[in-house]
Each structure stands twice: as C-alpha cells, then as structure tokens.
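Hi,

Here is the structure I promised to pass on. Have a look at it first, and then read my notes below.

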Amino acid sequence: MKSCLITSILCALMLCGACEQAPVADIHYGAEPLKFKSVKEWEKQHRPAIMAFFENEVYGKMPEKNIPIKAEVLEEGSAFGGKAIRRQVALKVEGSDIPMIVLMYIPSNAKGPSPAFLCMNFKGNHNVNPDPEIIISPNAPDTKNGPEGITRGVASSRWPIEMIIDSGYAVVTVNRDNVDPDSDDGFKNSYHSLFYKEGQSYPEPDEWGTIGMWAWSLSRVMDYMEDDKSIDHKHVAVVGHSRLGKTSLWAGVTDPRFAIVISNNSGCGGAALSIRKHGETVAKINKSFPHWFCDNYNKYNDNEEALKIDQQGLIALIAPRPVYVASASLDDWADPEGEFLSAVNASPVYELYGLKGLTGATMPGINSPLQDGHVAYHLREGKHDITSYDWEQYIKFANRHFGR
Ligand code: GCU
C-alpha cells in the first residue's frame with residue numbers, strides 16, 4: 001500500500017511538469033478535445049509527441065536532406081485585361097529532368113508585394129484558366145492523350161482568379177502530377193528516389209508517400225516566393241481541395257512559413273475524425289490510394305481505436321496560426337460533421353494562446369460560416385468541390401488575419 005502511494009506520487013510529479021520531458025509518447029489522446037494546462041506544456045511535451053505520431057505513422061517523415069533547386073522564370077506577361085501579371089517559373093530539381101512549373105497571377109496595380117494564396121491543382125496549370133499562354137504542366141493527366149487531348153481551362157470554375165486578384169491577392173499554383181503522379185507506381189516518376197539512401201528503392205514504412213511529397217513541393221514553391229519581390233511571403237495562405245486539402249494541412253503543419261492554412265473538403269486523412277468511420281475510412285483510403293500515406297498507416301486499417309491521436313491533432317499542430325476547415329453539405333464521403341468536430345476538438349490548443357477557437361460551437365447551418373476566430377469552419381451548400389463561395393470566405397478570413 002505504502003509503496004503504491006510512493007509510486008503514485010512519483011508518477012504525479014513526473015507528469016505535473018517537475019520533469020520537463022514527461023513520458024507522453026504513450027499517452028492516448030484519441031479524438032477528444034485537446035485540453036492542456038499551458039502553452040509550455042503543449043509546446044514542450046504534447047506537440048512534439050503528436051508531431052512524431054503524424055510523421056511516423058500517418059504521412060511519413062520528410063527527408064532531412066536538401067537537394068539544390070534552381071528557379072528560372074520561363075515566361076511573363078499581362079493577363080485579365082492588364083489586371084494581373086502572369087509569371088511562370090521552373091523550379092529545376094537537381095538530378096531530375098522534370099522541373100516543377102509554377103504558375104502565378106499577381107495583381108498588377110499592387111503598391112507593394114502581394115499576399116498570396118498557394119493552391120496545388122489537380123489537372124494541370126493549363127486547366128485552371130483558358131489563358132493560352134499557360135505552359136502545359138509536365139505529367140498532367142490530359143497530357144497522356146496527346147496534344148489533341150489537352151483541356152485548357154476545364155477546371156476554371158474552381159479557380160475564380162479574377163475575383164482573387166481583384167481582392168489584392170496573388171494566386172500561385174503547381175500541378176500535383178508534375179510533382180508526383182497520383183498513381184501507385186512505386187514512386188517511379190516522382191522526386192522520391194532523389195532522396196533514397198544507398199541501396200534504397202522504396203520509402204521505409206515511416207517515410208513519406210505522395211501527400212508528403214506534394215506538401216514538400218509546396219514548401220519549395222514557398223522558398224521561391226521568399227525571393228520573388230512581388231510576393232509578400234509573410235502573408236501566404238496555403239489552400240487545397242480534397243486530397244490536396246489533406247496536403248495543405250500537412251504542408252501547413254510541416255512548414256510554419258504558411259501564415260494561414262485552409263482545408264477544403266479534405267475528409268478522411270485530412271480534417272475529418274477517423275474514429276467516426278463515417279464515409280471514407282482509413283482502410284478504404286489505404287486500399288484505394290496506397291501511395292498517399294506512409295506504409296505504417298496501414299496498421300490502422302479497421303483499427304482506428306489504435307490511433308494515438310485523431311485528426312484534431314493535425315489541426316492543433318497548426319496553432320497559433322489561423323486555420324480554416326470547410327465542408328460541403330452533399331459531401332457525406334468526407335464526413336462534414338467529422339471535419340467540424342476536428343476543428344472544435346483542436347480549439348482548446350488555440351484557446352491556450354488566448355485565441356478564439358470553436359469550443360462550445362455547434363455545427364452551423366448551410367452557408368453560415370463561423371469565421372470570426374482563429375479556427376474557422378463553414379458548411380457550403382452543394383457537392384464535393386471548391387467554388388467561388390468557398391473562395392469568398394477564404395478571402396474574408398485572410399483579409400481579417402492579414403489586416404487588410
Ligand atoms: C476520393 C478519395 C478522397 C479524396 C477525393 C478527392 O474521393 O476517396 O479521400 O479526398 O477523392 O481528392 O477528390
């Protein structure tokens with residue numbers, strides 16, 4: 001009895017902060033609201049443990065090695081009737097024949113450097129707008145069909161570029177397949193192999209998959225933007241839709257230079273809580289897209305209870321930077337309620353910093369954004385998509401946080 005009491009006191013002392021490195025690795029946070037006592041406790045103990053979990057078990061670690069990348073401006077011109085400057089830049093990755101082609105539209109009447117939305121695209125830079133000057137993205141899905149198959153501008157409903165420019169923001173994009181083709185091809189056509197150790201031919205179970213590589217490439221675009229005088233690189237919001245929303249969250253977590261992080265309909269493996277098993281599940285996503293996450297993530301197939309932390313932890317890792325989670329009313333596959341609950345359950349971490357989160361909020365009605373704090377959420381009417389309505393909310397949110 002006596003020794004039991006002594007052990008309990010010792011354990012309590014260790015956990016109460018008497019010992020800075022409390023043994024949090026074994027704590028099971030589950031999907032609960034992340035309530036801690038202080039910013040210090042969060043930053044010193046829980047944040048590193050949660051980060052390590054996402055790195056080792058979900059998205060895979062990014063390599064420590066740096067590969068030289070040279071930027072070359074390939075083209076520059078005027079667009080949208082003179083409202084914007086179009087700039088296209090090749091980021092040439094040493095050791096690869098395929099450069100990342102970055103497309104930028106920058107407000108031409110800006111008095112100084114412009115804040116920007118960086119958003120990866122699905123179908124090719126040339127699909128975000130019919131502008132004939134846009135360079136065809138290497139490896140974009142429609143390039144497989146030869147020159148006749150190129151579908152310029154087909155995704156333009158997702159890209160209200162003129163509205164964004166009129167609001168004073170630059171739009172910067174790169175294509176996902178340019179960086180790492182979205183298929184389970186053993187990472188043969190991506191930059192992964194440039195980072196392999198001698199004799200390695202596939203990522204280790206705790207090393208990055210495709211989402212990791214996409215997020216890495218967004219950081220490389222950020223590196224370029226830091227040198228581009230027309231971009232206010234301290235005010236860049238990273239945005240992504242769906243699988244690219246999972247990517248924008250991971251990019252925002254791994255790279256603190258992104259001042260705002262926006263997840264649009266990111267669903268399973270993005271903002272949605274996995275434990276709910278509503279719509280897409282961990283097993284389903286790993287089966288359909290085995291290349292997106294690290295191999296360790298398969299441990300949680302039909303075993304969500306074993307996740308030490310759910311996706312609310314991912315959102316909390318962005319704190320204290322503003323984060324916006326958005327859902328669509330007909331997007332059951334992405335589990336709107338699970339996305340909302342993640343934002344709510346991450347909120348106590350924001351509140352530790354004295355910032356407004358969503359603790360106590362109830363799921364808002366359709367088209368009734370909750371966006372007056374540092375954690376924002378809306379449920380747009382309609383299907384899985386990113387629309388002008390979504391962008392209008394992101395612009396308002398960025399205006400507020402960027403003091404515009
Ligand atoms: C599929 C996939 C989702 C993903 C979506 C998308 O529906 O199951 O996880 O978010 O594609 O990227 O559009």
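Alanine 79 sits opposite alanine 84 in E2, in a predicted model. The strands here are E1 (residues 69-79), E2 (residues 84-93) and E3 (residues 100-107); a strand (E) is a DSSP run of at least two residues, a helix (H or I) one of at least four, and both are numbered from the N terminus. E1 and E2 run antiparallel and are joined by 10 bridges. Two strands count as paired if DSSP finds at least two bridges between them. The hairpin of E1 and E2 has 4 residues between the strands, and phenylalanine 80 there takes a positive phi near 50°.

On to the next pairing: E2 also pairs with E3 in the antiparallel sense, over 8 bridges. Alanine 84 turns up again, standing opposite proline 107 in E3. This second hairpin has 6 residues between its strands, and glycine 95 in the turn has a positive phi of about 100°. E2 is mostly covered, with 8 of its 10 residues buried; buried means under 20% relative accessible area, exposed means over 50%, and partly exposed is in between (1.4 Å probe, protein chains only).

Now for the ligand. Around the ligand you'll find Phe122, Ser242, Arg243, Lys246, Glu280, Ile285, Phe289, Trp292, Trp333 and His384, where being near it takes a heavy atom within 4 Å. Which side chain has an N or O atom 2.6 Å from a ligand oxygen? That one is serine 242. Lysine 246 has a polar side-chain atom 2.9 Å from an oxygen of the ligand, and tryptophan 333 has one at 2.9 Å from a ligand oxygen as well. A polar contact is a pair of N or O atoms within 3.5 Å; within protein, one must be able to donate a hydrogen and the other to accept it, and residues adjacent in sequence count only if both atoms are side-chain atoms.

Last stop: asparagine 286, which is in helix H7 (residues 282-288). Asparagine 286 counts as buried because its relative accessibility is 8%. Its side chain reaches the backbone oxygen of tyrosine 297 at 3.4 Å.

As the model is predicted, local features need pLDDT of at least 70 and side-chain atom pairs count only at pLDDT 80 or more, while totals for chains, interfaces and linings use all residues.

Cheers

Conventions: Residues are numbered from 1 along each chain as its sequence is written. Side-chain values use heavy atoms; hydrogens and water are left out.
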